Amino acid sequence: MKRFIHLFIFICLVAFQAEAQLYNNCTTPAAEQVMLGMYDPASYAATTVINDPNTMCAGLNSRVSPDTLHAYLDILKSFHNRNSGSDTSSTVRGFGAARNWVFSRFQDISTQNENRLIPSFLEFDTGICSINRHKDVFAVLPGTDTTDKSVIIIEGHMDSRCTDLCDTACVAQGMEDNGSGTALVIELARVMSKYSYNHTIIFLLTTAEEQGLLGAQAFASYVNRHGIKVKAVMNNDVIGGVICGHTSSPPSCPGYEAIDSTQVRLFSNGGFNSFHKGLSRYIKLEYKEMLRPIVSVPMTVSIMTPEDRTGRGGDHIPFRAMGYTAMRFTSANEAGNADVSSGSYIDRQHTSSDSIGVDINGDGVMDTFFVDFNYLARNTVINGNAAGMIGISPQVPDFTLTTTPGNLVITITQHTEYLNYRVGVRSTTNDWDSVYTFTGSLTDNIQVDTGGKYIVSVASVDDKGVESLFSREQMVTALPTNGIAPLSQQPRNIELLQNKPNPADEVTNISVLVNSAISYKDAYISIRDLAGKEVSRSKIELNNGVNEIQYDHGYNMSGTFIYTLFIDGKAIESRRMVFTN
Ligand SMILES: [Zn+2]
């Protein structure tokens with residue numbers, strides 16, 4: 001029996017290796033050379049270099065066009081069905097026609113911008129709905145400086161679907177999911193190709209998201225296999241709709257036909273010291289400080305706790321799983337939860353109803369649109385501005401964090417060459433409480449009123465005022481102004497921390513701080529309602545430092561709950577948490 005198991009494992013390994021070696025290639029050699037950083041930036045230099053952050057930000061805000069986005073969606077819908085298994089030979093119908101149109105659009109944009117944008121396909125083999133060879137389509141805007149070869153990926157999936165995952169005959173215009181993200185990526189390629197960024201930017205449209213994130217998986221495998229460094233991945237999926245459906249995936253929207261055209265959600269993995277959350281905070285900060293003062297319609301940028309909506313996923317996940325910093329933009333309101341197998345499903349997602357709008361009186365002219373082109377344009381600008389700032393950003397510093405009575409003390413230890421630094425301090429939510437700037441010194445004191453725990457990260461600022469992405473996070477228990485921590489805040493070897501965020505919608509992070517290594521057999525977090533009934537139990541590993549689990553409480557289950565840390569059967573500490581959704 002044991003031999004059979006060994007044989008089985010051996011066969012699995014061989015199968016896995018065979019899978020790892022499946023065909024997966026970039027079709028344009030010049031695009032590959034640029035992604036590898038093996039090129040002369042002068043060959044792609046613009047005659048007029050525009051790289052000033054404020055000029056680019058204002059330009060993006062004025063040039064991203066709701067009408068152009070609308071026009072892209074009209075063309076995308078004309079392909080009738082963009083299922084990854086649909087026609088690849090027709091020039092007017094199916095996924096093949098759609099991806100060829102995107103390729104030619106990238107080529108046109110390149111022609112209009114001194115041939116600086118390089119279109120390509122990524123061809124890869126995997127069986128999807130009876131087709132074995134598939135193509136992601138992308139375009140590469142070469143960076144002006146190859147000292148740091150890391151690239152930025154702006155992406156969305158281009159494929160669509162109906163109820164049946166392999167129905168290639170149905171009408172699957174996929175306008176919200178994900179014509180909206182596709183139009184956003186093409187529009188950013190158009191607008192950003194005029195500017196010059198230090199880092200290479202990749203505009204990527206994937207296939208087979210609907211069949212299991214396969215196009216993004218193929219691209220992530222490709223960059224990983226070639227050792228291409230990736231600074232950030234920004235996925236855009238369901239990003240133009242504003243109307244809440246009968247259903248929506250939790251965290252859900254307010255209810256049928258509720259409209260929200262001024263909020264966008266940023267989903268990313270992890271809590272403490274998550275670079276994915278750090279990227280989401282950066283996107284929000286760039287919006288608040290650069291765009292918010294100049295836009296006509298202000299937006300709320302919400303940093304969500306989980307990596308995606310409950311039970312859902314997207315193209316950022318395969319990138320994150322391979323160790324790249326990645327996040328997802330999604331509309332505040334969604335028309336559907338994609339639960340097409342339930343007989344009563346009447347919403348738009350993953351059905352023929354995901355169309356651009358409705359011609360109510362049958363005169364051939366749309367009377368109402370499901371995608372709000374102005375909202376889509378606002379999200380396009382938020383994404384492009386953040387990606388652009390990362391594209392010209394300085395090096396990410398490192399730091400030490402200590403505390404003196406009433407102060408946090410931050411000292412920059414790596415990349416000490418800049419004049420200005422920023423310090424992000426957070427305590428109770430996914431976002432910073434404040435972001436401070438300090439000048440002309442490598443050490444800064446930040447006054448804090450009380451003791452308690454503060455989470456800190458830092459960024460460099462260059463001479464044009466552009467921030468780097470923020471560093472890793474560190475946590476400290478601050479000394480209050482009198483220098484004496486009350487008993488409740490005195491460091492203990494094992495501390496159960498207050499969950500973040502609290503109150504929570506439905507997902508929250510629970511952390512245990514271990515100040516010096518312990519030996520134990522078994523540790524878990526037990527969650528009970530106020531009547532003492534256990535509603536959940538999750539194992540937690542207790543290593544030196546911060547240990548975290550993410551707890552998904554579920555939608556529509558508001559109330560106060562008690563969470564308790566158990567080590568080897570003994571209750572160590574309990575705290576309260578509140579769910580409001
Ligand atoms: Zn989607």
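Predicted model: local features only at pLDDT ≥ 70, side-chain atom pairs only at ≥ 80, totals over all residues.

Residue numbers start from 1 along each chain as its sequence is written.

**Whole chain.** I looked up the secondary structure and found 10 helices and 25 strands; these are DSSP runs (H or I of at least four residues for helices, E of at least two for strands), numbered from the N terminus. The radius of gyration is 25 Å, close to the 25 Å that the globule rule gives for 581 residues, so the chain is as compact as a globular protein of that length. That radius is taken over C-alpha atoms, and the rule is 2.2 Å times the number of residues to the power 0.38. I also checked burial: 48% of the 581 residues are buried, meaning 20 or more other C-beta atoms, placed from the backbone, lie within 10 Å of a residue's own.

**Helix H10.** I picked out residues 373-391, a helix of 19 residues. Of these, 18 are buried.

**An open sheet.** I then traced three strands in the order E12-E13-E16, with antiparallel pairing; strands pair if DSSP finds at least two bridges between them. The edges are E12 (398-404) and E16 (443-447), each pairing on one side only. Five bridges join E13 (residues 407-414) to E16, and I found Asn407 partnered with Gln447 of E16.

Definitions and conventions:
Expected span 1.5 Å × (residues − 1). Buried ≥ 20, exposed ≤ 12 C-beta atoms within 10 Å, placed from the backbone.
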